[in-house]
Amino acid sequence: MVVGLINANPVVYEKKERRPRTGPVVLEDEYAVESIDHLVNFSLTFLHHIRDIKDPEHPYSLEDLKVITEDAIEVDDKRSYVRVTFTPTVEHCSMATVIGLCLRVKLMRSLPSRYKVDIRVAPGTHATEAAVNKQLNDKERVAAALENPNLVGMVDDCLAPSFE
Amino acid sequence: MASVSEDNLELQEIQKLEGHTDRVWGLAWNPTSGADGVPAVLASCSGDKTVKIWQKSPSTSSFHLKATIEETHTRTVRSCSWSPSGKLLATASFDATTAIWEQVGDDFECLATLEGHENEVKSVSWNASGSLLATCSRDKSIWIWEALPGNEFDCVSVLQGHTQDVKMVLWHPSEDILFSCSYDNTIKVWAEDGDSDDWHCVQTLKEANNGHSSTVWSISFNATGDKMVTSSDDLSIKVWGADIVRVQSGEGYAPWKHLCTLSGYHDRTVFSVHWSREGIISSGAADDAIRLFVENQDDLGDGPMYRLLSKKEKAHEQDVNCVQWGSKESGLLASSSDDCSVKIWKLGPRH
C-alpha cells in the first residue's frame, strides 16, 4: 500500500445545488412512454448512483473533486448501453483503476443486468490512458480483481456513502 | 442436415441448463461421448467455483445434471478440458491451480493439482495424444506438463514471451505445436526443438501481420488443422492458414498467414470462436449474440473468404462467454453466459 497519498492536496469544488428529480423514473417499466425528459432523466438517475462514491484517498465524493461531473454519464437505454467518463485529479493517478472499479461495481449493483457498461478516463487526463481503459473494460480482469478481498474491502469503503 | 452452402439454416434452442449460481465461463464436450450408444456429456465451469457435468438421457433426449464438482477450487473455475481419451477432465482456476479429475462411478475424484503459476490460470489444453497438457496465466507464462504413469504430472517447460496476461492455449489437432493468445494482442506459436523439452516461440502474429488490435480471447482449428480462427476485443474474427503438408512433415516450420478478417458483425468483445467438423465457425460475444460463418463458395477473388450463415441475437440475456460444437452429433452447439445458464442449440432448417 502506498505510504504517501498520490494527491495530498486535492481541489475540492463548491457543491452545486442538486436538481430534484422530476418525478419517479421507472427503469424496469418496458412500456413507459418515451420523451426527451425521460431520456435526460436516465443520465441524471444513473449519475445519482455514482456521484457520492468516495474518493479512495480523501473524505470527499467523486463529484466534490470533479472526478465525476454531470456530463460523465452517457446512456442509450434502447441499446442498454452506458458509458462513464471520469477525470482523475492528477495525470499519474495510480488510483485510477480503483476509481474505475468502484464505478463499475456500483453500476453493476444498481442497474438492470441487461446494461453494458464501459468505463473510461476522460481523454487526455491520464498518462497511461489506453492501458487504464483496457484494464477497466476487461471483464475477466475485473472479475479476478473482485475476488481479491483487500480490493473488495477498499471498493466497499468507497461505495458506502453512495448507498445512503 | 441440409447442405451448409444453402442459406436456410438457423440455430434452434433445444434446452436451457440452469444450476450455476454465477456466470458460466467455459464448456467442454467429452470427445468420446455422443455416438455409438454413449450419451453426450458436457462439462461447464463457473464463477461459482464449481464444474457441472451434464449428460444427455437416451430416453428423453434432454440433458440432466449428472454431477457437480465442488470444494476443490477456491476461486472461479475459468476453463475446463477433457483428455482425448475422455477419461480425464482438467480444470483451470483463478486460484492459480489446475486440477485433474477422473470419473469414478457417479463422482469425480481429484487425481492431481498442478501448482506453479503465480496467479489466475486462464486456460488448459491437452495435446492430440493426451501426453501433454498446457496451461496459461495472468502471470504471462505458459506451462507445459507431461502426463506420466501413476497420475503424475511433471512440468517440462515454462514458456515466456507474451508481455501480458495469456488468455487461452490450444494444441494443434494433430501436431505437437502449441498456440496461445493474449491481452498483448498477439497470437504465438510454440514448437519443440527435436525432443529436447526445449520449447520456443516459432512465430508471433501481431497487428503488423494483419493481426488483432486488441486482446485476443480465443483460438480454434478446422478439422484438417490447416486453418485457424481467432476472436478479439477488437470486435473482429480472423482466419489464418498454413501449408498443412509442411506442418505435418515437420521439415522446418510452416508459417501461418492471415487469410480473412470478419468485422462489422459483433459490436462488443468476441469471447469465443469454435470451428465445427463440417466447417461452420461459431462465435459468441458480449453483445449476447451467437453468429455462424462459413466459407464463401461464390468467392471470385484470390483465396478463401467467409460469410455470415446465420445469427442468433439475444441468444442469452447477457454476454456469451463460450461456444462449443458437440463432439459427434452434427449441428449440436452449446453456449454459456454471464446469465448463469448453458444453452443447447441445434442447427436446422429455418422455419
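Which residues does Gln15(B) touch, not counting residues up to four places away in sequence? In this predicted model, where local features need pLDDT of at least 70, side-chain atom pairs count only at pLDDT 80 or more, and totals for chains, interfaces and linings use all residues, residues are numbered from 1 along each chain as its sequence is written. Chains are lettered from A and ligands numbered from 1 in the order in which they are written, and side-chain values use heavy atoms, with hydrogens and water left out.

Gln15(B) touches Ser62(B), Phe63(B), Val342(B), Lys343(B) and Ile344(B), contact meaning heavy atoms within 4.5 Å. At 16% relative accessibility Gln15(B) counts as buried, since buried means under 20% relative accessible area, exposed over 50% and partly exposed in between, with a 1.4 Å probe and protein chains only.

Turning to chain A, helix 5 (residues 149–159) has Met154(A), Val155(A), Cys158(A) and Leu159(A) buried. These residues cover an arc of only 135 degrees around the axis, which puts them on the same side of helix 5 of chain A; the arc is that of the directions from the helix axis to the C-beta atoms. On the other side of helix 5 of chain A, Pro149(A), Asn150(A) and Asp157(A) are exposed.

The buried residues of helix 5 of chain A pack against helix 2 (96–110) of chain A. Helices here are DSSP runs of H or I with at least four residues, strands runs of E with at least two, both numbered from the N terminus.
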